[in-house]
Amino acid sequence: MYPDIPVLSILIFLPLVAAALLLPLRDDETVRRVSLAASLVGLAAGWPLIAFNPDAGFQFVERMTWVARWGLEYHLAVDGISILMVWLTLFTLPLCVLCSWTYIGKRVKEFHVCLLLMTSACIGVFTSMDLVLFYVFWEAMLIPMYLLIAVWGGAERRYASIKFFLYTLAGSTLLLVAIVAFRIAGGTFSIPDLMQQTFGFRFQYWAFLAMALAFAIKVPMFPFHTWLPAAHVQAPSAGSVILAAVLLKMGTYGFLRFCLPLTPEASVHFAPLMIGVSVVSILYGGAVALGQTDIKKLVAYSSVAHMGFVTLGIFLFQKSGVQGALLQMLNHGIVTGALFMMIGAMYERSHSREVADNMGMGKYLPAFMFFWGLYALASFGFPGTNGFVGEVLVFVAAFQQSLTVGALIVPGALLAAAYMFRVSLRMAWGSPSTAKTWNDLNRREWAYLLLPAVLVLWIGLAPAPFLRLIDPSIDRLLADLRGRAPVKEAPLALNHADAVRHEPPAILASAAIAKEVRQ
Amino acid sequence: MNLDLALLVPECAMLLLVAVLFVQALSAGPASVAAHRWLPLGALAVLAASVVALPAEGMLLWDAYKVDGLSQFFKLCVAGGFCIAVLNATRQPTLEEGKRADYFLFLGVSAWGLMLLASSAELVTLYLALELSSYSLYVLIPLRGRTREGAEAGVKYILFGAAATAISLYGLSYIMAAHQTTYIAALAARDWSWAASPTAVVGLSLFLCGMFYKLALFPFHFWCPDVYQGSSNETAAYVATLPKLGAVVVLVRLAAVLHPGLEITTAIAWLGVISMTFGNLCALVQKDVKRMLGFSSVAHAGYVTVGLVSGTAEGLAAAAFYALVYVVMNLLCFWVVARVAVDGRNLVLSDLNGLHRRSPVLAFALGVGAFALVGLPPTAGFMGKLFLITAAWNHGYNWLVIALALNSAIAIYYYLSLVRHAYTEPDENTSLPAPDQSAFSLGGAVALAAATLVLGIVPSPLFEKAVQAGMALFG
């Protein structure tokens, strides 16, 4: 449909050009307008991506030599796994610009330049088909994010920004070693080409560990999660939004894009560990969130739990699990992003993020509470919202895999309902300590809160188009995994003809499988 | 004796420059004041001559002097580095007007020595060139001799330098005794295992000490932080960059004898690991910016060894490329340091507080330099490290690659502190003079930052040159 347009390059470089355009501007209001216009143009520039054919594998391919001597390529493409993430990133930028309109008052130009650079790097991460190109975007994103936290963050911003930077960069240095190891072992940096090759178990073992550390820190999985609450709480609203909506997805995207296809046997071998850590993340994140009085911290810890569902879904190796994981990546981006924007809006009114200072808003801010309620419901997976679809798919996979795993994560879902209800009830009907003179949502706030709400309900009520988009890529991923590592096939596949082909519940006897693989 | 001057264009250009400076330094009166006005143009002319001379190849002086891809590549780097160092030093505040010609004369002689070093294919020639490049620095470093740190720096550099030279020369005698030749090409064909010739191995080890001293590789690094701290900002910028380039070119030439698995190669690899770790750990606690950069250079010397011990043309090319990008990114940092410390003082980290307010361009340039030294994409530092570890992987030194990666993680903290102070710390120190915000100052910072980014995004042309040079060594 759009064969000659380098869509992906345009999506990557458009924010860079916009950032350059901002540099000579002096007036803050003009900077905001140009940034918003650029973000909307970016969204519009993603229009050709609707021609994406779910059955056709990697599409919108752009491939040219970068450093011939080492076989580095400027190689971009999207498949069903990455296209949702690209859309999510494009969708997030205008919301970030809108929610920072009055929130950010100092060094406005630099702030918007950082946002645009972040967007460019994030799209690059999700579209790179060359390992080094991926790494370049993966690391380049750190600098604007560091500045977003360090310059525009809260009182403890320096501590939070350094912690964020050190954790993520320290994790990724081993990722670089793994990338080079793949080049030496496979003769190429090209991800699709490497996916065609089979590596020895010993190699996979170490490569998986090196990559998984970087991805687990980025997700973040327990016990590497400690940078996240600090970063989320200290970051400005837009920083928290982009962190929650896009950045955390890079870790889970990494598991799907690299660990499963490139180190399938090691992925199977380490699955019990990953499942265990995911379960701990779900329970720990939920339990800690329950004890929070700072609403932003609560949402930050809930992210640890939600992302635990995603990693769990991935490492169950069931179709519904991966479907749920991918959908949850999108859902978490939308819902948690929206919650952070709401917390920003709330902070602009009350200058506090404490529950006690924000009670009784149902009376003064009905529209605000309506949206909060909707996103809170979506956050803990209320039926009819997007969170439900994603979580239920992971639940189904978990119970199919093992009753124990399924039973263990049920309290996680209950905890989510508990902390969200608890905080929402107090915010809606609690007795305010002082008389409030707050205004309800203005038009700008309506604009940035309505869009995610539409998506929450759309995915919640009619998830089929989204599942159709990702299904073939998941099928290919799992077929490839089964072809190279003997994972027991999953019986359930939502919205798919395979759904009728029932087999006994697959129990991941990983030790036995790993033994089989080594033999 | 064949002496084809067409092969010596960069050396002749630099010598001419030095000769003019010599005359100017001798002449009293206003003529000697103007050196810094025309010298940047002269340095650019040398750079142009080095570009023109890139394809030149041939042997001179009974094959002791080799003009090949490697030497021309390094001469170009030296000319480029000299150009930047001269621009950096034109406004040196602590230097008397009347002494500028002398100062630049010594810088020029040192750079000329480094150019000769690049082409030396025989150990005695190499030694002489090395000494030529060092002597001038013995004069330049104690320029601040009236201060305690300055005197200490001068004495340390001379004493350690003299000791390293003596050890090197002593090693040379052992090599000559064991293998009866000083030509590197002939030496490359000899067996360098301990079992075959322990005398030669001891000799080479001692000879390499001289180079390690220049490179500030552990345990020959002691002078480095003190000298950086004790010398003026502009002199430190030169000492921190160009002599290292010289040391790398010698090591790359000698790497032809360093095959993976040899005892001496493994010893160098270990020195590399210790150097990285020690340098980074010491840098973590420094407050003086130049001292921190000094310890970081000890770590970077360790990184270079990763390429040297790989035993492949790509490895040597990676080491050469890394040495060049190190020069660029270090000069960038020193450029900013010199522009912020307009009164010539030594900057401590807190002096950088709020730099983004005082000079957004210099703060940005410092950020690019710091992130490049960390090895973050899309800077040249990242590409340099990628090439190093790709070249060294699977040649028996995978542990060295992993050590490099882990050390990069350690280094993040102190490089990040440069950015942190410039961007996030409040500017409370009002006693500092305003940074140099002239077009010259900002233009130089932007140009160096751009070079750091461009070399990271489009490294191919330069790296290919380095590989061709490396290939030539392997015949």
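In this predicted model, 38 residues of chain B are in contact (heavy atoms within 4.5 Å) with 33 residues of chain A. Residues are numbered from 1 along each chain as its sequence is written, and chains are lettered from A in the order in which they are written. Local features need pLDDT of at least 70, side-chain atom pairs count only at pLDDT 80 or more, and totals for chains, interfaces and linings use all residues, while side-chain values use heavy atoms, with hydrogens and water left out.

The size of an interface is often given as the accessible area lost when the parts come together. Here, about 3,200 Å² is buried between chain B and chain A, with carbon and sulfur atoms giving 79% of that area; buried area is the accessible area (1.4 Å probe) that two parts lose on being put together, summed over both. On the chain B side, B:Thr390, B:Trp393 and B:Thr424 supply 17% of the area that this chain buries against chain A, more than any other three residues.

A:Arg69 and B:Glu464 meet through their side chains in a salt bridge, at 3.0 Å from N to O.

Turning to the elements involved, helices H16 (360-374), H17 (380-392), H18 (398-423), H19 (439-457) and H20 (460-473) of chain B each supply at least two residues of the side that touches chain A. Helices (H or I, at least four residues) and strands (E, at least two) are DSSP runs, numbered from the N terminus. H18(B) gives the largest share of this side, 11 residues. By type, the side of chain B that touches chain A has 27 nonpolar, 7 polar and 4 charged residues; Ala, Val, Leu, Ile, Met, Phe, Trp, Tyr, Cys and Pro count as nonpolar, Asp, Glu, Lys and Arg as charged, and the others, Gly among them, as polar.

Over all chains, the salt bridge count comes to 18. One of these joins A:Glu73 and A:Arg63, whose closest N and O atoms are 3.0 Å apart. This pair links strand S2 (residues 72-78), which holds A:Glu73, to strand S1 (residues 59-67), which holds A:Arg63, the two residues being 10 residues apart. Strand S1 of chain A also contains A:Phe60, which has a positive phi of about 55° although it is not a glycine.

Chain B contains cis peptide bonds as well. One runs from B:Phe218 to B:Pro219, with omega near 0°, and B:Pro219 sits in the loop between helix H8 (198-215) and helix H9 (223-230). Another joins B:Pro377 and B:Pro378, the latter lying in the loop between H16 and H17.

Terms used
A salt bridge is a side-chain nitrogen of Lys or Arg within 4 Å of a carboxyl oxygen of Asp or Glu.
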